[in-house]
Amino acid sequence: MGCGTSVTGSRAKKSERAIKAAILIQRWYRCYMARLEMRRQYALSIFQSIEYAEEQAQLQLSSFFTFMLHFTHLNETDTDLISHFLNSPSDFNTAGSDVQLLEYERMIVVPDSYHGPRLSFPLTVADTNSLLHAFKDQQHLHARYVLQLLHETKKVLKQMPNIIHLSTSYSKEITICGVAWNWMIFAIFYKNGLPSEENPYLFNGDFVDRGKNSIEILIILFAFLLVYPNHLHLNRGNHEDHIMNLRYGFTKEVMKKYRSHGKRILNLLQDVYSWLPLATVIDSKVLIVHGGISDTTDLDFLNLFKRNKMKSVLRPPKSSTERNHDQERTEFVDSPIIRVKRCLPGQDFAAKGMTRPSSSSSHRRRHTSDLLDVGEHRWLLHDGINSGPLLEAQYLDSSVRMPNVPSELTAKEWKQVVDILWSDPKNQNGCTPNKLRGGGCYFGPDVTARLLKRYNLKMLIRSHECKQEGYEISHDGQVITIFSASNYYEDGSNRGAYLKLNPDLIPRFVQYQVSKCTRKQTLHQRVSVVEWSALKSLREKLYSQRSELIAAFRQYDPNYTGRISATEWASAVESVLHLDLPWRTLRSRLVQLAPDGSVEYLSCFNDLEIEPAIKEVQPALVETLYRYRTDLEIIFNIIDKDHSGLISIEEFRQTWKLFNSHLKIDIDDESIDNLAHSIDFNKDGSIDFNEFLEAFHVVNKFENK
């Protein structure tokens, strides 16, 4: 009896120890997973903050363009340079009228050596299948078919309203995707099926600028739109913007793939972007926009204004003073037709069959001379004899017909569109400027509730933000963020998701994560890769602001000890970078800590340096060029209208001086001139600006050595 009791007691103790061990292991595992999750969340926050800072910098370029407008009014002698900024390619659209565009397309010869898809219009399902197979095999669609596709897409989009209204049915659930970049669209189609009458889709903006295959994704979406115009729908995103494309890579992609026809494709795309619908309403209950709303969002107003006036958010509307000034300078537009002829500098007008402007009262009333210098050419403006809706420009022996400039975008129209493309939800009530992105606003649950009540809606679906699980529900279930791009920042950084709606309007989420190289890695390894990549980007961001950061640190270190407290370090970094990150938590990964816990603030710069393209460039100028390299590239790409990468030394010098004066950068003119001449390696008077900027980058000192 005693022996049996002893055995039973021993078993009970073993069982108790096993349970305790299991609880300890479970507790350890939960803590381990929580730490990994925290590290991944911090990495995602770093990526997101840096991305928003880039977007803020992009939007701040609009203030520079406004500065350029004011500069033009004050300094009439610089109109040659400023004209590049004031006139986007769409203002003087080389595509011309629809008839001439079609003529141009027919002139493009598709050689026998081309083995890609050959499209015929109207498109069929066979054409979409052909495109999908070709793009999977890394083939490009020939430029002739790209232009034809864009032309047909524009015609279809022009027939659509600003806000699309759709209906669901139990047999035809609507699939909603947000920010499906690169080849994610193939994963969605594989899991959910191709678009069709039985399988309708809505893609909620940002089709381009993400990944190396944006033009192919755009072609696929537009092709399905042409085949199923009532079953595939597209909302405009904040990246469907030609100036945004200059920063984030789509312009480079198109020019690299299509070279001689790239400019025409990009010009036509500006018009296509402007005709994309701005929002969608499903069953009169669900509003879908790319970004969000504000406390002034007016759906009735958005539904009525001419949306094609919004070519770019980065070109804000002119003030009434600026519009009046422009009208004074260009009174010739009151004529129903203007004949514009161009002569090279010094060329005799008589040789071109032209006469100089008369001194009649009709000419004297104009604010400026009829001789208008633009770039290297002189244009003679005179009243046409024949009336008609088009301007006619004769260039030497060829003629190009250009449409009249569209009516001006108003400040209200501009703000309404910016708010729905750029805004983000927040948990607190109210509506405040979106300082992290630099555009749109943060809207709270009360703002959402008021808008839904005003228009008798139930839910707002939007995209615009990367979410770790691919979606997020906020504002008491009234706002859903759907983000379809998995591995957005780095392999393993986030899942993608899409949602399906039927008449019950209860969203059904489908998550996925596409990854080849991380399948064999452990969770710890995947998180470490994401974290390392995020910290690398953050260190480069710190180094780009090195001078300002050191100045901020030394305000807390008047005796130059090289050490400040963790709180002081965090405050100094945030005051310069404005990234809204948990700096105290991140400090151990970014700087060295002294034994007493203080921060050795110069250590965050120890391992990095900016590698200049030219050794003779002053250190201060090297740092400035690195910090503003993307902004400068955008500005010079606007000047470099053929996107050849070549600009003149004079354009470089003048534009940099303007940028310098706008930002109040302390770089003297002599340094700028010396830099301009140094860049021109072969002394041909032109600068390969793309290569120049790519050479200025942060490197690891140890790896470099």
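A search of the whole structure finds zero disulfides. For anyone new to the term, a disulfide is a covalent bond between the sulfur atoms of two cysteines. Keep in mind that this is a predicted model.

Is Cys466 buried or exposed? Cys466 has 4% relative accessibility, and because the limit for buried is under 20%, Cys466 counts as buried. Cys31 has 39% relative accessibility, so Cys31 counts as partly exposed.

Three strands make up an open sheet in the order 20-22-21, and their pairing is antiparallel. Strand 20, residues 563–564, and strand 21, residues 592–593, stand at the edges; each has a single partner strand, so one side of each has no neighbour in the sheet. Strand 22 covers residues 599–600, and strand 21 pairs with strand 22 in the antiparallel sense over two bridges. Which residue of strand 22 is the bridge partner of Leu593? That partner is Val599.

Now the aromatic rings. A pair of aromatic rings is described by two values, the distance of the centres and the angle of the planes. The count here comes to 14 aromatic pairs. One of them is Tyr201 with Phe203, a stacked pair with 5.5 Å centre to centre and 10° between the planes. Both residues, Tyr201 and Phe203, are buried.

A further pair is Tyr471 with Phe509. Why does this pair count as stacked? The planes of Tyr471 and Phe509 stand at 10°, with the ring centres 3.9 Å apart, and planes under 30 degrees apart count as stacked, so the pair qualifies. Where do the two residues sit in the chain? Tyr471 belongs to strand 16, residues 471–474, and Phe509 belongs to strand 19, residues 508–512. As for accessibility, Tyr471 is at 26% and counts as partly exposed. Phe509 is also partly exposed, with a relative accessible area of 22%.

Rings can also be grouped. Phe47, Phe483, Tyr488 and Tyr489 form one aromatic cluster.

Last, charges over rings. Which ring lies under the charged end of Lys412? Lys412 sits over the ring of Phe301, with the charged end 4.4 Å from the ring centre. Arg546 lies over the face of Phe605, at 5.6 Å from the ring centre.

To repeat the opening point, the search of the whole structure gave zero disulfides. That is the end of the talk.

How values were computed:
Residues are numbered from 1 along each chain as its sequence is written. This is a predicted model: local features need pLDDT of at least 70, side-chain atom pairs count only at pLDDT 80 or more; totals for chains, interfaces and linings use all residues. Side-chain values use heavy atoms; hydrogens and water are left out. Two strands pair if DSSP finds at least two bridges between them. Helices (H or I, at least four residues) and strands (E, at least two) are DSSP runs, numbered from the N terminus. A disulfide is a pair of cysteine sulfur atoms within 2.5 Å. Buried means under 20% relative accessible area, exposed over 50%, partly exposed in between (1.4 Å probe, protein chains only). Rings of Phe, Tyr and Trp (its six-membered ring) pair if their centres lie within 6.5 Å; planes under 30 degrees apart count as stacked, over 60 as edge-to-face and the rest as tilted. A charge sits over a ring if NZ of Lys or CZ of Arg is within 6 Å of the ring centre and within 35 degrees of the ring normal.
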